[in-house]
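Hello,

Here is the structure I said I would pass on. My notes on it are below the model.

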Amino acid sequence: MDAGLLVLRLVVGLLIAAHGVQKVSFRLGGNGFAGGTEEFRRDGFRGGRLTALVAGASQIGSGLFLTAGLLTPLAAMAAMGVMTVAGTVKWPKGLWVQNDGYEYPLVLVVVSAVLALTGPGRWSVDHALAVTPWPVWVSVAAIVTGPASGLLTRVVLHRPATAAPERARHAQAAE
């Protein structure tokens with residue numbers, strides 16, 4: 001079981017971290033920080049640069065913490081939060097990834113929840129620090145708080161669809 005949890009943490013944690021690296025740099029096929037900022041604006045978020053920075057940092061941090069098995073419920077909570085936001089962006093396109101749907105973010109949310117519940121296993125920093133097993137209430141709180149914070153983030157940072165054309169109209173009027 002510990003070997004399986006290690007493989008799961010390594011693959012999922014590094015994929016989440018790599019996804020964050022793409023948001024803020026040209027590495028791993030990313031479009032740089034400006035590209036990540038534009039992606040968030042295009043997806044209907046306010047705050048472009050700050051949003052891209054926080055999302056990228058959340059993905060990098062939560063992914064690396066999951067990989068190491070460090071503060072696993074908290075790392076899983078952050079991963080679930082940021083991947084829930086990604087799922088809300090893809091929601092209108094349906095479930096399946098071949099249609100750019102939310103299948104992949106959903107899988108990452110579920111795997112993160114499973115890691116919060118099972119713990120990282122013996123081959124982890126949490127085990128080395130003797131903080132495992134985490135109390136069940138911590139895991140349950142992380143599973144509820146992660147997606148809830150992602151949904152709240154989407155609501156708070158959502159830019160109404162009419163905002164972009166209205167800004168363009170104001171910019172033209174100012175010229």
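Predicted model: local features only at pLDDT ≥ 70, side-chain atom pairs only at ≥ 80, totals over all residues.

Residues are numbered from 1 along each chain as its sequence is written, and side-chain values use heavy atoms, with hydrogens and water left out.

The chain has 8 helices and 0 strands (DSSP runs, H or I of at least four residues for helices and E of at least two for strands, numbered from the N terminus). Its C-alpha trace spans about 65 × 30 × 30 Å along the principal axes. Of the 175 residues, 38% are buried (under 20% relative accessible area, with a 1.4 Å probe and protein chains only).

The largest nonpolar core holds 22 residues, and Ile16, Leu66 and Met83 have the most contacts inside it. Such a core is a set of buried Ala, Val, Leu, Ile, Met, Phe, Trp, Tyr and Cys residues joined through side-chain atoms within 4.5 Å. At least two residues each come from α1 (2-24), α3 (48-68), α4 and α5 (103-118), and α4 gives the most, with 8 residues.

Beyond four places in sequence, Ile16 is in contact (heavy atoms within 4.5 Å) with residues including Gln59, Leu66, Ala79 and Leu108.

Thr72 lies in helix α4 (residues 72-90). Thr72 is buried, with a relative accessible area of 1%. Leaving aside neighbours within four places in sequence, Thr72 contacts Leu66, Leu115, Pro120, Asp126 and Trp134.

Regards

Terms used: Buried < 20%, exposed > 50% of the residue type's maximum accessible area, 1.4 Å probe, protein only.
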